[in-house]
Amino acid sequence: MLYVLRRLIATIPVMVVVAVFVFLLTHMSPGDPAAVLAGDNATVEDVEKIRASMGLDKPLVEQFLIWSGNILTGDLGTSTSTNLPVSKLIYQRMGPTLSIALFTILFAVLLAVPLGVAAAWKAGSLTDRLIMLASVMAFSIPVFLIGYGLVYVLSIKMGWFPVQGYKPLSSGVALYFKHLLLPCLSLGLVYMALLTRMTRATMLEALGEDYIRTAKAKGLGTRLVIWHALKNAANPIVTTIGVGIAMLIGGVVVTETVFAIPGLGRLTVDAVLRHDYPVIQGVLLIASAVYVLINLVVDLSYRIFDPRMGR
């Protein structure tokens, strides 16, 4: 319990640094949100009035203190382009993004770990070479290219799946999964390739240990040998899963743009194009908090697989 508390406290300065970086990144980027909001025909006086109403005329330090104070109370600000609370916009767009991320992770992990184990167990064989070749190819192709390729073949040519869009679960299970399959597949292939290669590498190391050779000599079954090796190789695999989830944060932006899915990635792109600072800051903060939380979970998981860690 004390270890968990220490890790939780350690995340506070990280989030403070992230908040400072997010604030400076958006305020030092080119473009004036007040001028965008005022329109092309606005006068200088009109722009200055909007800047004053948005608090952009105050010193940068004062702006940061006001903004961070609002963040602590749960107020992410108001969108300058839609005049809606940022928290409401994020909540409205969270469903598609969470669906894509969840099923991408499940798809990648459920396929990558067995493939990596099979490649390690059959190291040097044709099976191993084919799995590694497929992994290298999947990891080398950009996500957007995979997405467009799947759309062209499976949607346009075959007509099996919709080209774009998203349907919530309330529209029916079949429609829900039909709209999610291609985005999850295009995003999950890269993630799966990374995890397959790491699983193979860690399993090869574990399978070369003395206790594995002893287990084989005693006639222990193949499944039990693989299971013992996998348990001891779990820490690097779990770490890779955490890193892969962080990759999804960036990959979701591309995937949602390719498939026109109204999620957080699409919201971020629209906010950048409109210089909507509050939305950009809110999404970046949420994404950073998720990333920090994932790293915390990965650290805590080490104690599950290896109780010696963290003492």
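Modeller: Rings of Phe, Tyr and Trp (its six-membered ring) pair if their centres lie within 6.5 Å; planes under 30 degrees apart are stacked, over 60 edge-to-face, the rest tilted. This is a predicted model, where local features need pLDDT of at least 70, side-chain atom pairs need 80 or more, and totals for chains, interfaces and linings use all residues. Residues are numbered from 1 along each chain as its sequence is written, and side-chain values use heavy atoms, without hydrogens and water.

Colleague: What geometry do phenylalanine 103 and tyrosine 176 have?

Modeller: Their centres are 6.1 Å apart, with 70 degrees between the planes. That angle is over 60, so the pair is edge-to-face.

Colleague: How far apart in sequence are the parts this pair ties together?

Modeller: Helices are DSSP runs (H or I, at least four residues), numbered from the N terminus. Phenylalanine 103 lies in helix 5 (residues 86-121) and tyrosine 176 in helix 8 (residues 173-207), so the parts tied together are 73 residues apart.

Colleague: Is tyrosine 176 buried or exposed?

Modeller: Buried means under 20% relative accessible area, exposed over 50%, partly exposed in between (1.4 Å probe, protein chains only). Tyrosine 176 has 8%, so this residue is buried.

Colleague: Which class does glutamate 62 fall into?

Modeller: Glutamate 62 is found in helix 4 (residues 60-72). Its relative accessibility is 35%, so glutamate 62 counts as partly exposed.

Technical notes: Helix = DSSP H or I, 4+ residues; strand = E, 2+ residues; numbered from the N terminus.
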